[in-house]
Amino acid sequence: MTIPQVNVNGRWLALSDIPVHTTLLDFVRDSGLTGSKEGCAEGECGACAVLVAQPGITTPTEWVAVNACLLPAASVDGQEVITAEGLGRADALHPVQEAMAVRGGSQCGYCTPGFVCGMAAEYYRADRDCTHAGQDHGPNGFDLHALSGNLCRCTGYRPIRDAAYSLGTPPAEDPLATRRDEPAAAPVATEVTRDGRTYLRPRTLPDALRVLAEQPETAPVAGCTDWGVGVNIHGRRADRVLAIDRLAELRELEVHADAIEIGAALSLTEIERKLDGSVPLLAELFPQFASRLIRNRATLGGNLGNGSPIGDASAALLALGAEVLLMDSAGRRTVPLADYFTGYRESVLRPGELITSIRIPLPLAPVTAFHKIAKRRFDDISSVAIGFALDITGGVVRRAHIGLGGVAATPLRAYATEAALLDRPWTADTVAAAQQVLRAEGTPMDDHRASARYRAAMLGQSLAKLHAETTEGAVG
Amino acid sequence: MSALSERPENPSVGVAIPHESASAHVSGLAKYTDDLAGRAQGTLHAYPVQVPHAHARITALRTEPALAVPGVVRVLTAADVPGVNDSGIHHDEPLFPDEVMFYGHAVCWVLGESLEAARLGAAAVEVDVEPLPALITVPEAIAAGSFQGGRPVMTRGDVDAGFAASAHVFEGEFEFAGQEHFYLETHAALAQVDENDQIFVQSSTQHPTETQEIVAHVLGLRSHEVTVQCLRMGGGFGGKEMQPHGFAAIAALGAVLTGRPVRVRLSRLQDMTMSGKRHGFHSRWRVGFDAEGRLQALDATLTADGGWSLDLSAPVLSRALCHIDNAYYLPHVRVQGFIARTNKTSSTAFRGFGGPQGMLVIEDILGRCAPLLGIDPITLQRRNFYADGQTTPYGQPVNQMTRLTTAWDQVISNGDISARQREIAAFNATHPHTKRALAMTPVKFGISFNLTAFNQAGALVHIYKDGSVLINHGGTEMGQGLHTKMLQVAATALGVPLSTVRLAPTRTDKVPNTSATAASVGSDINGGAVKNACDQLRQRLHEVAATRLGAHAHDVRIVDGVARALGSNQTLEWNELVKAAYWQRVQLSAAGFYRTEGLHWNAETFQGTPFKYFGHGVAAAEVEVDGFTGAYRTRRVDIVHDVGDSLSPLVDIGQIEGGFVQGAGWLTLEDLRWDAKTGRLLTQTPSTYKLPSFSEMPEVFNVSLLADVPEDGVVYGSKASGEVPLMLAFCVREALRQAAAAFGPVGTSVELASPATPEAVYWALDTARNRSDVAAYG
């Protein structure tokens, strides 16, 4: 095993002498690159965003923007990282930096390096489609959702949007553009130990399962979007961390005749781009799931693995009738997602067991919708999340799967509501009756996100909205 | 036009240039206070011990366990304070309290070799407490008679007679929330004892002088032994006017006791649970209108939620009272103010400083009463505008109403308001589940510190022998573009290109006795001082140039770095002129000073002319509300704003847009929730406290500056732009109210909670909808 090191702005820096829980943000700042900022330490503000060279979908390498505050520094062993300082210099600004500067995109400047990195990732996205102007997209194909995880308190965003929408395509000689044509750094096995704590990246899935079998208290991590919050906000310090996010076996997406199988360690962004709208319910989910910065790291395995009752993916996957594929050193098993959750942040997952993939059965239901109730349209946690997958043939409901998040200790299927719809005509009367049932599903509670009364009301309203959408065309 | 307002030939002011640090911002090279920590050798890290009780007496504080944690160097407690154990100006904010006054109050601080060591040390400190009864909400405090500070009353005329003469009298109650500043850079300070035994504190502070004074009194030193520097802030918004002092004092105390640099940098969680926020208010009101909807009488009681200490609550309350009129003439008024003392973080300055809260009360009243009066809100608002020559309830003449009416008319015409209102009516008639609405807001906001003495500023300008210019002034840069404007003012006043002038960071040993960079007056007063210093220098240089050019000094002009005499082609380059001045032993450095003229204020009678002038703006917002969920979008915003003759248009437009979105955040999205039992802040990080992101940006956002309105008596004819635009966002809230009402029968008066979250809007529209029989679904 070689000495762990990371290439930051073209310079290799050793990762060997740092506490295991050091974040990439603290690491780059301690190295003297103080452009990346800590604004929240929980992946909500994007002031820490940096670029990482990762295997791409449309080019061999893509520049992916990530929250450096959530990533363990050890996780980028062998990788290339670019910070705002590495994009350009004050006297030779990068085109993204230039656009932000001249258009008034910075006021206090504290969020700016993070915005610049998020914007640069979109600038370098090879499949940015200039004909894709419209809702949340600029005339240059810039997807505003690329910046949904960056907060600015000064500008009101208009000049930042204008800067983003003014960007052209990178010139041929741009070194970061040409870098995309070469493969990204291959995964390397990593082991960093300090103060009795260890960060471990195994080379293969069997290696990972062996470690988990021998030391079941080891914490497996993938995207680290939850791990980082635990470290920074809750002071968690696991003794052994096992990185599984680059295991090839967990990064496949296969479309079979009877199911789509999605690797547990693919990022949500990768899944979104690989599916390319072929699962409409998920296509509706992804832009509403956290922010691009988070989706660039977060995985379905992680989302189900931590078992949060408000994980948006669960509501959608429950509606799709998904199954979870689990594996440990002894073997494999498949569990319907509806049976997976057993309690608040608890599941059937055994110590030493990993989620390897999520299987979505085919054919898909023709009528699907994902309704997220939250305070903010981009990047918020759901008060209620509802996934619908219905088959309405000849005006009659032939199949109904409804997944709910945020209304109980676990995500759950709305079985009673499904029964109230099944084999009944898809009419206002049926819906009104089913609304009463749906309002009573789960045990919604009062908290700082919403009142129990509102949550219950939103359950009922979601069905009314779906009915209106399917029967009245465009809602309004 | 006064000499202060007049612009010379080819001025740098008025040119739309990017922020002076824009290149440094975008390339990650702009340094903030905590970025400096790594440059100092042997820096210690400070971590607070926060106690999870809303109100409790400390019966024991055991710090020994912390000292046993590897890497912990020292624990700072009250016993360590050589001076005064107080971090405020009213002696009600002990730096190390013996009584916990809010959930998360820091009672001592641990210094460690690493932040991790300090954190673990803080966790090891043992605090025993005896819980005491706590008051969390304003209604609880009112019921318990828990108040602090004065109880000002603003009166004019005879309210009882006013009500008697009113055709319509309404009354109501309205409680609305405060707001977290959420500057992206949390509180930070870095202190060390320098090579001359001077205490040198780098602080993210809007008020370096007060930070200096508090550090000095905590350390038992005099002000000349402490220097405070503010390089720049990653946002302030008022949150760093009063709040930084204690954190700077902790760093300074640690540095003095250990002899090592000490860094304090709050995590977001610490910042949100420890530092002050915008005041939430409770109001109770009674209002009278004549038959045509003209306001006749207002009787109101405003109670500001001051939190645990007085802080800036008294001047905030004064400004709230002074802005309850907004742009409307109130013949008979009686408004009484109270400051509740609650067991929460100390409410403090926040952009608008009480003005938004006062105005929200009257805009809410008009929004609720318009349907009851049967008058369209825009008509009702316009009908109640002041006329020039009338005075405010506190006795200040109003004489620029034509600016406001011009802006109002421009928004109506540029925003195509009438046609859009017809389109909205047609849309609403055909869309049962979605409603749109459009509302307008006028803003009239008083500019100057309410307290007259604060309206002064200083500057220090050096011209070096090579012709380069270095300026210092007392204002701080928090992103608002003050330094950009000051560079433009200096270049204009000296007649040199912008590139000739450089600005040095704000330091108390360069310009002393400064006021906070606050109250929107940063560029007015510091610009006046910078210009004053530059004018002195230019006059001296005119004398020198006059001799060389063979002309009278009055006939010399310096433009773009070249001196000429009127009617002559002979030129003298700036560098030559400066060199000549040096050899003639002409002083090339000057201290500038400015005091705002014409102000007076009697806090007892609540009468006077506290403001130099009023800032004006008008906004219109169109929203769309989803009847299923209460979710909404802002479709379009049009703003016309009066910034006088802008010093820096790109900066001012940025202030207007940013202020508007921040105001809309306060009114719609940003939801401070406190646990009513424990007093714990429930929305204590951005995962739960949502501030506007891209999704809240108006889809169409048109902002223009009112043209040809130079302000006499203000630096280069400009006006303030910092706080005023925040209040333009009331139109978003009123549009949401009207959209909610559109779900009900015509004439429905809607009560809307603030913030108007999707849930609040849903309940408002649900209430309206239930008044009609048109509900399609259950």
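The model is a predicted one. Chain B and chain A bury about 6,400 Å² between them, while the area buried between the two domains of chain A is about 1,800 Å² and that between domain 1 and domain 2 of chain B is about 1,500 Å².

**Interface between chain A and chain B**

- The contact between the chains involves 81 residues of chain B and 78 residues of chain A, and carbon and sulfur atoms account for 57% of the roughly 6,400 Å² that is buried there.
- Between the two chains there are 11 salt bridges, including the one that links A:Arg29 to B:Asp35, whose closest N and O atoms are 2.7 Å apart.
- The polar contacts between chain B and chain A number 34 residue pairs, with both residues at pLDDT 80 or more.
- On the chain B side, helix H1 (22-26), helix H3 (115-124), helix H8 (268-274), H17 and helix H19 (758-769) each provide at least two residues that touch chain A, and H17(B) has the largest share, with 9 residues.
- By class, the side of chain B that touches chain A consists of 32 nonpolar, 29 polar and 20 charged residues.

**Domains of chain A**

- The domain assignment of chain A gives domain 1 (1-187) and domain 2 (250-411), and the C-alpha centres of these domains lie 28 Å apart.
- Across this boundary, 26 residues of domain 1 of chain A are in contact with 15 residues of domain 2 of chain A, and 51% of the buried area of about 1,800 Å² lies on carbon and sulfur atoms.
- A:Ile57, A:His145 and A:Ser148 together supply 30% of the area that domain 1 of chain A buries against domain 2 of chain A, which is more than any other three residues supply.
- The interface between the two domains of chain A has 5 salt bridges and 6 residue pairs in polar contact, both residues being at pLDDT 80 or more.

**Domains of chain B**

- Chain B is divided into domain 1, which is made of two segments (394-450 + 601-778), and domain 2 (456-595), with 40 Å between their C-alpha centres.
- Contact between these domains involves 21 residues of domain 1 of chain B and 22 residues of domain 2 of chain B, and carbon and sulfur atoms give 61% of the buried area of about 1,500 Å².
- Of the area that domain 1 of chain B buries against domain 2 of chain B, 40% is supplied by B:Phe449, B:Leu647 and B:Tyr716, more than by any other three residues.
- The interface of the two domains of chain B contains 1 salt bridge and 5 residue pairs in polar contact, both residues being at pLDDT 80 or more.
- Strand E16 (434-447) and helix H17 (649-669) of chain B each supply at least two residues of the domain 1 side, where H17(B) gives the most, with 3 residues.
- The residues of that domain 1 side in chain B divide into 11 nonpolar, 7 polar and 3 charged.
- B:Lys485 forms a salt bridge with B:Asp652, with the closest N and O atoms 2.8 Å apart.

**Backbone features**

- Most residues other than glycine have a negative phi, and most peptide bonds are trans.
- A:Tyr157, although not a glycine, has a positive phi of about 80°.
- In chain A, a cis peptide bond with omega of about 0° joins A:Leu362 and A:Pro363, and A:Pro363 lies in the loop between strand E16 (354-361) and strand E17 (367-373) of that chain.
- In chain B, a cis peptide bond with omega of about 10° joins B:Ser754 and B:Pro755, and B:Pro755 is placed in the loop between helix H18 (730-741) and H19 of chain B.

How values were computed:
Residues are numbered from 1 along each chain as its sequence is written. Chains are lettered from A and ligands numbered from 1 in the order in which they are written. This is a predicted model: local features need pLDDT of at least 70, side-chain atom pairs count only at pLDDT 80 or more; totals for chains, interfaces and linings use all residues. Side-chain values use heavy atoms; hydrogens and water are left out. Domain bounds come from an automatic or database domain assignment. Contact means heavy atoms within 4.5 Å. Buried area is the accessible area (1.4 Å probe) that two parts lose on being put together, summed over both. A salt bridge is a side-chain nitrogen of Lys or Arg within 4 Å of a carboxyl oxygen of Asp or Glu. A polar contact is a pair of N or O atoms within 3.5 Å; within protein, one must be able to donate a hydrogen and the other to accept it, and residues adjacent in sequence count only if both atoms are side-chain atoms. Helices (H or I, at least four residues) and strands (E, at least two) are DSSP runs, numbered from the N terminus. Ala, Val, Leu, Ile, Met, Phe, Trp, Tyr, Cys and Pro count as nonpolar, Asp, Glu, Lys and Arg as charged, and the others, Gly among them, as polar.
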